[in-house]
Number of protein chains: 2
Amino acid sequence: MARRQAPEATLDTVDLWWRAANYLTVGQIYLMRNPLLRHPLAPADIKPRLLGHWGTSPGLNFVYAHLNRVIVQRGIPTLYVCGPGHGGPAMVANAWLDGTYSELFPKVGQDLEGLHELMRQFSFPGGIPSHAAPETPGSINEGGELGYSLMHAYGAALDNPGLVVACVVGDGEAETGPLAASWRAHAFLSPATDGAVLPILHLNGYKIANPTLLARIPEEELVQFFRGQGYEPLLVTGGFDDEDPMRVHERMAAALDEAYGRIHDIWADARGTNGDGEADAPEGDAAPTAGEDATSAPDARPRWPMIVLRTPKGWTGPKVVDGVQVEGTFHAHQVPLAGVREDDAHRAMLEEWMRSYWPEELFDLEGRPAPGLAPLRPVGGMRMSASPHANSGMAEPLDLPVTTPFAVDTGGARTMRAGATTVFSHWLAEVMRRNPSTFRLFGPDEVASNRLQAVFDVTPRAWMEALDPADEHLGREGRVIEALSEHLMQGMLEGYLLTGRHGLLTSYEAFIHIVDSMFNQHAKWVESAHEVPWRQDIASLTYLLSSHVWRQDHNGFSHQDPGFLNVVVNKQADVVRVYLPPDANTLLATMAHCFGTTNRVNAVVAGKQLQGAWLSMDEAQAHVDAGLGVWDWAGSELGYVAGDPGASVPDAVIACAGDVPTTEAIAAAQLLRERMPRLRVRLVNVVDLMRLQDAREHPHGLSHAEFDAIFTTDRPVIFAFHGYPALIHQLTYRRMNHANIHVRGFKERGTTTTPFDMVHLNDLDRFRLALDVLERVPGLAERDGVAGLVEDWHSQRLEARAYAYEHGEDPPFVTEWEFSGR
Amino acid sequence: MARRQAPEATLDTVDLWWRAANYLTVGQIYLMRNPLLRHPLAPADIKPRLLGHWGTSPGLNFVYAHLNRVIVQRGIPTLYVCGPGHGGPAMVANAWLDGTYSELFPKVGQDLEGLHELMRQFSFPGGIPSHAAPETPGSINEGGELGYSLMHAYGAALDNPGLVVACVVGDGEAETGPLAASWRAHAFLSPATDGAVLPILHLNGYKIANPTLLARIPEEELVQFFRGQGYEPLLVTGGFDDEDPMRVHERMAAALDEAYGRIHDIWADARGTNGDGEADAPEGDAAPTAGEDATSAPDARPRWPMIVLRTPKGWTGPKVVDGVQVEGTFHAHQVPLAGVREDDAHRAMLEEWMRSYWPEELFDLEGRPAPGLAPLRPVGGMRMSASPHANSGMAEPLDLPVTTPFAVDTGGARTMRAGATTVFSHWLAEVMRRNPSTFRLFGPDEVASNRLQAVFDVTPRAWMEALDPADEHLGREGRVIEALSEHLMQGMLEGYLLTGRHGLLTSYEAFIHIVDSMFNQHAKWVESAHEVPWRQDIASLTYLLSSHVWRQDHNGFSHQDPGFLNVVVNKQADVVRVYLPPDANTLLATMAHCFGTTNRVNAVVAGKQLQGAWLSMDEAQAHVDAGLGVWDWAGSELGYVAGDPGASVPDAVIACAGDVPTTEAIAAAQLLRERMPRLRVRLVNVVDLMRLQDAREHPHGLSHAEFDAIFTTDRPVIFAFHGYPALIHQLTYRRMNHANIHVRGFKERGTTTTPFDMVHLNDLDRFRLALDVLERVPGLAERDGVAGLVEDWHSQRLEARAYAYEHGEDPPFVTEWEFSGR
């Protein structure tokens, strides 16, 4: 490679930057010391364990350098989302060249010592990971589990009308389902009021050990694919057969100029401006973008540009090692020269490789980036590594309405009925009204099904594809986003949250398992970000899981799975919360709380069906504040002292968590109250599941004394639980009374049947709970009359099933049950 | 709709079949009695709860009827995979018309009583679900959780060279990630030796409450999309604006004839035959298919046909109800007439709707399908509902080689080292050699990374896209399938297993969470299929999870997650197994066992790194047979009687499960043996995790007596566990000694660091385990010399970390540790 001068933001400067970033990338993978090769590489300069990935990095550096040129020349803020795995050293290299890295990590200065630390820390114990991660300035996308970059990019672009989110998609990543579902996310992106996403598919041809699909299909097919996804692809291919990189720079610069130009035109067209993002968006249908593209696009959705960049994997690295072709093959994926510590020849190749970037041109004598790089370095927050969208946390808290005007007015009775999500939806609509550009609702075609339609009084769903006169609640500027992909909804919400905004994801309970792994990765992000001093707070990710396991009346077994809660509680206690509000007002209080929290994942499970509105709003608020509590009005514990459960000791405790289990528990307590009036039963409802854990295990956990006061130390506890019973044992096994806790919950028995038959099938019904109490209170079963009672309740269970199997619905003695409180 | 005669397999017969299936579909949704409308509909004829989905059904029936014509006329066996959700009533209706339903469910005969039961049972307590499900004849795809139909179809087509798998993809489903990743699965489908998949995208325009994306994009874009996915799309649109269905039948028949004709040509071309599937496939590159398509396809992958069928949602149903347009909108999704029981006008509309199909033509006086339908009914197993591929279970057991020749010959020592997956891979290669058309290995680009390369000595990866001279282990007839999509790999394997074959999925442990929900649904399928009398055994789904939580040296936190095991144990005990083989020979014995099982999901976790080969093959086999056992050679329990752990009582038990925890546990026991020679420590290794559960909870569970003999009733048990500690508590909380079980495992602390630092970070290292013993054996901490030992071990932990942070690798006193057994 020839030496070049680079005084301006020209392509020579771009090449200089690229070489500097490549040099720093290789240095991070290999070197513990001697960062500027001031002396010939010695074995002791080399890390003992070479744990990094070269293959994708030169492409990432190439894109970074080119985007810098565009930003400097056009002044358009750009966020860089790095999709390929293991791109960490590239992103860190560029952040260091930007100056951001040294600002955020002062021990990694822009000097010799900083360079040394920069290289040493990478993939090193106590150092930084090999992926773009929370530790990486400017990043909102972890490069470990692949597939989420493009959905993160689309989430980031929402409500950021002046922002371009450049998203490098790896060709490996492009094979994943979530990524494949993301291409059409532009259906929800308003050219008038949102930013732009510029996907850059990087075809370097190989994954870990395989070629990639998109790199091996005919180019004509590739172009059809992206046109078929609604984009206008711009193809840049180069670097093969020893092509001079300057030629590739020219093509890439032209493609980026074309792409940014089109984005400018699309914005201008949609906004009736010159694209400065200042003017108000026109209402209604915007004409499709002008330009060369003859293919029609629907009413409002322009044909956005995207770039296909095809370069060799491991470009500029060793071409052949030990007789094996490395550059341009999967052999370049990780560490092309594996034996550099022991093998003098490999070490010499490494040195030659690093010197091919001309380090003397790249850094000055003090180890600072060469002055020639300066013209390519945007200023302040315009640097992609310093983008306030990525690094600055939550823009502002939500303006939350008080809940009382939206609450069910129970009038002090316990006999009203309400649909929890319906009640919540009116408050949610007001949240969306008050926060017109910082809150979004996401759902996989389930917003209406989960009874949240009231939000459509405030805003429709976003939809840039064709409209039909029969459409309901669809519009160009809608703030609800729905596609039938839990992945896409989760990913766009993550991108929205990670760039400082707020939102809610609603899903059927069973199908949130689809994003278990995305939840895991987001929770890990939040866990890790907590350790990064400059990362700011972000709004919590809140799930409203409705249409839950107990009310899948017309769906059956495939829709019956409460196991997401088990996945959630595995994560660090600081980060995860699980709420099971038992009624409408409690759901309101729970959501108002969740929307005010930061840096957490809140899983809230609440049904959409009509059911008991047990608590007034004040009671509900107090209950959520406490997280759990004794409902003395539902029990039969004479002598119970409000606020001091330890002052009396009941014969048995019926605990419950979840709306359907709570109903069954209350009904069971009533059965016992009516038929065994002298039995002292305490009813405990748990809304914040983590209260059950030991205070040493979870910040919301109860102390042992608090727990014992409520659950006693020796009385039978029948626990009616929404999910799998083992979860309650997992949370309570350290409690003194654990051996007496008998949990009823979902035991993987399900089908299409009536609501009561479902709880019956899983031994969670009121009769079974009441029987559990009779069987477990010592000596009770032998008392006079109890045997008859047992027989009676057993026969009612059988009767209920027989009735349902004959009539197709639950019998009146179940459905017409009404609470008669104390 | 006009009445028509239909004596032959003409389009009139197709229409007759379609009307019959539509009639039966509506009847299932609404009627409890009066199935043939022999008297005017009365309220009591109507189900009290209307729980079904009409919208998708007429399209499914339309496709079914048309496929019947092709099967009858061409004699090509065809499997029908029903992708859209809630297609149950349609699939059941067709199976009943086929006669299959009555053969498999004699109480649902082809007579009046059978018709009555057919309608009554649907979405009714004690009845059948509203989706295509295990209860549905001919089905291999549950219609509950959407997204997996096309991958199931591709899995079913593998190694079935004469089979066409017609896969109806819903346009809702098409928005999911897994479905989006499936289109390119033809890259793995050999036209020479596999069958064909014929995707039929059913654009009915709407999901639950939203339009679908693919129905609203310009048609030109849709065509580009499918060409870009490598297909030649055939478009059939009809049924709008009161179009005569006969015109649509004509277009659909032409499209299907075209599609089957192309498939015939593709097969013939690839096989050098007339497409009868008899001739041997030619080796090497097959020429691209001939035909009208001018677009080039790569060497071996033909341009397969696919059909886009655009018809109104709820076609032939009520057009307008209460002033709202229903047909052709999302209002047709579920039950178009909601008030038929109470509302006379609605009930009259229902009757009119049902009579519009002319039931007198469809059924005879005894309630049998009209004779005119006979020409459209294929014979025996050619009926799609009776396809042996779907209904007949496992074709044959695997021919499994004995393990001994592949085992590590430990020579009785405990000091050898081996990579477990490497050892296993040679045996696996032999399995693949012996079962050349009934076993497949699937991996998300991780077969080589998980060290299973030995299989490539037997067979390459399947790859129909372009080949490059530098490619390794890629070929047209390969039996390993790799794409970077856990979804696609899981789904194709499911399709392969559900059609009677065998396979293995290998994945990084953390990323198997990506398919949590697919695992759930497959486990639910197996659970439900168990209750269906005519469903045969299928081979177990086995996961080999390698590159696990403890050895993510260069990947870090995002790759560290052992929580899949928690998801697995939530499913029914009959179905799930978890194995944590501690070394190479134990992995061999475990996999040989798993490959011989049926109707289960086996999750096997085993590392790929070099580590202790503790057991000889005979010992390993005995250990796997027992599921867990005392390793007296690793403990220090004088007086221990082999085979009778209850005969002595140790001071403490160190239990372990998982390869890395086992190494640390053995090292801890050795530290104690060396430094506290009189302490009696028992080492227990658990390979079959479900042994820990109560025998009443799991078929592999130990009785309490067995458990107590091994784990004692009162001695401290330090349990070194591979996964999250709570899982061990969840499994053992019923055990007498549970309060003394102290679990060390992954506590969500991770980063890029050395192997020893990872166990240290999570308090699972040998020093910490030994300290746990010292702290928990009563009175031990106060004994002479113990305080010094405690200090020593604490300082070694600190030293190890300091060394790693300075040198980048673990210190010699950790890495050079060697077992010195008794």
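Ser387(A) touches Leu79(A) and Gly381(A) when residues up to four places away in sequence are not counted. The residue is placed in the loop of chain A between helix H12 (359-362) and helix H13 (388-391), and, with a relative accessible area of 2%, Ser387(A) is buried. This description, like those that follow, refers to a predicted model.

In chain A, strand E5 (residues 304-310) is largely enclosed by the rest of the structure, because 7 of its 7 residues are buried. In a regular strand, side chains alternate between the two faces of the sheet. In E5(A), Trp304(A), Met306(A), Val308(A) and Arg310(A) point one way, while Pro305(A), Ile307(A) and Leu309(A) point the other way, and all of these residues are buried. Strand E3 (residues 196-203) of chain A runs parallel to E5(A) and is joined to it by 4 bridges; here, His202(A) has Leu309(A) as its bridge partner. Strand E4 (residues 231-237) of chain A also runs parallel to E5(A), to which 7 bridges join it, and Leu235(A) of chain A stands opposite Val308(A) in E5(A).

Positive phi values in residues other than glycine are found in chain B at His86(B), where phi is near 60°, and at Asp241(B), where phi is near 55°. His86(B) lies in the loop between strand E1 (78-82) and helix H3 (88-98) of chain B and is buried, its relative accessible area being 10%. Asp241(B), for its part, is located in the loop between strand E4 (231-237) and helix H10 (245-271) of chain B and is exposed, with a relative accessible area of 78%.

Over all chains, the salt bridges come to a count of 106. One of these, in chain A, brings together the side chains of Arg368(A) and Asp364(A), with an N to O distance of 2.8 Å; Arg368(A) counts as partly exposed, at 41% relative accessibility. A further salt bridge pairs Arg744(A) with Asp772(A), whose closest N and O atoms are 2.8 Å apart. Because Arg744(A) lies in strand E22 (residues 741-744) and Asp772(A) in helix H24 (residues 766-776) of chain A, this pair ties together parts that are 28 residues apart in sequence. Arg744(A) and Asp772(A) are both buried, and they belong to a network of salt bridges that also links Lys747(A), Asp763(A), Asp765(A), Arg768(A), Glu775(A) and Arg797(A).

In chain B, Glu175(B) and Lys207(B) form a salt bridge in which the closest N and O atoms are 2.7 Å apart. Distant parts of the chain, 32 residues apart, are linked by this pair, with Glu175(B) in the loop between strand E2 (164-170) and helix H7 (177-180) and Lys207(B) in the loop between strand E3 (196-203) and helix H8 (213-216) of chain B. Glu175(B) is buried, with a relative accessible area of 6%, and Lys207(B) is likewise buried, with a relative accessible area of 3%.

Conventions:
Residues numbered from 1 in each chain as written. Chains lettered and ligands numbered in written order. Predicted model: local features only at pLDDT ≥ 70, side-chain atom pairs only at ≥ 80, totals over all residues. Heavy atoms only, no water. Buried < 20%, exposed > 50% of the residue type's maximum accessible area, 1.4 Å probe, protein only. Helix = DSSP H or I, 4+ residues; strand = E, 2+ residues; numbered from the N terminus. Pairing = 2+ DSSP bridges. Contact = heavy atoms within 4.5 Å. Salt bridge = Lys/Arg side-chain N within 4 Å of Asp/Glu carboxyl O.
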